[in-house]
Amino acid sequence: MILTTICNTTNVMQTLNPVLIINSAYEQKTSVTDRTALIGNHAQVITDLKPLLVRQSLNDFKTLISLEPITVAPGETKQTVMLYDNGRPSVLAGRLKSDPETFCSQISGIRAEMLTYWETGTDIPYGHISVPDREVQNLIDASLRGIWQAREIKNGKIAFQVGPTCYRGLWVSDGSSLLETATMFDWGAAAREGVEYTLTFQKENGKFGILEPTYWKENGIVLWTCVRHAMLTQDKVWLKSVWANLLKSVDFICELRAMTLTNKIPLDDGLIPPGQIDGGLWGAEDKAEYTNVYWNLAGLKAMVQAAEWLGEKKDAKALQSEYDDFFATFKKAAERDMASDSFGNRYLPVPMNPEHRSLPQRAQWAFCQSIYPGQIFSQDDPVATGTMNMLHTILQEGMVMGTGWTIDGIWTYFAGFYGHACLWMGESRRAYESLYSFANHASPVYNWREEHSPRDLTPSKYVGDMPHNWASALFASLAVHLLALDRGNELHLLEGIPPEWRRAGMKTSLKDIATPFGKLSFIFQVNAQGTEATLTVDALSDQGYPCPSVRLGNSGWRQCIHTEAGRQKVNYGKREVSG
């Protein structure tokens, strides 16, 4: 609904002549009698004002409807309302049609009901994380609300979508984060529908190519998404129900690797054929590159873990063999293609051919994701450490500069990729600093645009939808992972907790956060003097994936706690937690 409030602040009568413009490729019909414009024979736009003149522009599919004038006396305030029903049953649409005057008098109450629903509604997963920084908490809550508001029903399934306008749809790379975040925040059932909606796009040969045919990384992303979702929900039965479909995608990845041995590009032999790169660089048939390699490696590694978890020993052995060969081939190619930046850091560029390279940091999004969530590198791997060191050197306003489509801009939610990678590599300070830099680039209404210029560059440049829900998902998940991160068969708590949350009297908590080891709830309370902290952890359910130990903190905080039934209370001892 669009509610327009008109105030006459002059001392003379004012008359306005409103025009409703509908921009749609669908056929449009307008009924003067019941103040309704019909779009595509099903969706309605209803106004409280009577249409006077209808004009159509065939060039740009616009329909312009001149509405009856609105006369406003000096000092008077009037409201007018329009409602779009998206072709779905709507009690409000019927009320507006039958009695517009009464409807308009009630519109403020209807608006208040909507605000209450989205601010406090039980259908949104608020309350699972509480941090002592009010503005960070606002960003987390607004992020969840934005993700939930953008959902739609597609093919009978709840589809989580990236944005409300130009990114209104399914992007598998973005969707993987949206679905993981929804599952982490104890909404596995809703996320399940989104995962299953994604699986409906699989081809008979196992291929996923929703964004475009050579976006080969979608195959690995879908594998990781399904495995991660099953482990967070501890649902082996569901994973087994889609296992045959996932193995088809593995077969397609093997087929892709075979294709590299027959094409005319020796650089990609045994890896993945050239495909669409995204995030700063375009792909082409002759541009061998690593983004599609990274994600297909990550997908295969997730499948190895899943096969072992399910007890599919034969599949586990075959998958491990394929992954080992793939990774060894990648490492050999990476050693061949390593380059040096101007600071002497040895890093791996995204394009394999030096002729196709841009800035060192350009399109390194998939590299960050191969560290986490892909987990294909060890912490001391020279490819990973060198490329991360390169990224560390080019921060501006705390953000990696020039890695996206705007070469002199900031890709805001790259801070989520980068922060997660730093955390996984053991650099907790960089991880929580990335969260705060991410937060500082949000809009005043707690959401993000995809890319924009830093403050010292004018004129400003902008890219992407807003709000961008991939950003929202990454911010919420990074906040959680700073407090609880599963590393193999260990759960690490407070590994990246910011010092801003460890000051005197502060409390940080998680409640029913989904992990592979069950639901996690804890309270971390610092005493009034800031000298001692108490961590109280509820027992994990451990249904289906054992957790031998929980590790606490790092950088002088680390100690091992063996999990036991019941609640555990862990006292740090006297420590300057605010320092």
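Residues are called buried under 20% relative accessible area, exposed over 50%, and partly exposed in between (1.4 Å probe, protein chains only). The model in view is predicted: local features need pLDDT of at least 70, side-chain atom pairs count only at pLDDT 80 or more, and totals for chains, interfaces and linings use all residues. Residues are numbered from 1 along each chain as its sequence is written, and side-chain values use heavy atoms, with hydrogens and water left out.

**Aromatic pairs**

Rings of Phe, Tyr and Trp (its six-membered ring) pair if their centres lie within 6.5 Å; planes under 30 degrees apart count as stacked, over 60 as edge-to-face and the rest as tilted. The count by this rule is 29 aromatic pairs. Select Y117 and W118, an edge-to-face pair with 5.0 Å centre to centre and 85° between the planes. Y117 is partly exposed at 33% relative accessible area, and W118 is likewise partly exposed, at 24%.

Proceed to W216 and F252, whose ring centres are 6.2 Å apart; with the planes at 45°, the pair is therefore tilted. This pair links distant parts of the chain, 36 residues apart: W216 is in the loop between α5 (188-199) and α6 (217-233), while F252 is in helix α8 (residues 243-259). Helices here are DSSP runs (H or I, at least four residues), numbered from the N terminus. Both W216 and F252 are buried.

Next, display Y290, Y294, Y323, F327, F330, F367 and F377, a cluster linked by ring pairs.

**Charges over rings**

A charge sits over a ring if NZ of Lys or CZ of Arg is within 6 Å of the ring centre and within 35 degrees of the ring normal. Centre on Y215: the charged end of K217 sits over this ring, 4.2 Å from its centre. At W424, R487 lies over the ring face, 4.5 Å from the ring centre.

**Nonpolar cores**

A nonpolar core is a set of buried Ala, Val, Leu, Ile, Met, Phe, Trp, Tyr and Cys residues joined through side-chain atoms within 4.5 Å. The largest has 149 residues, and those with the most contacts inside it are L239, F330, W365, L493 and F522. Helix α9 (residues 291-310) contributes the largest share of this core, 13 residues. A second, separate core of 13 residues includes A37, L49, V72 and M82.

**Cysteines**

With a disulfide defined as a pair of cysteine sulfur atoms within 2.5 Å, the count is 0. Finish at C7, where the nearest cysteine sulfur, that of C104, is 15 Å away.

Notes. Helices (H or I, at least four residues) and strands (E, at least two) are DSSP runs, numbered from the N terminus.
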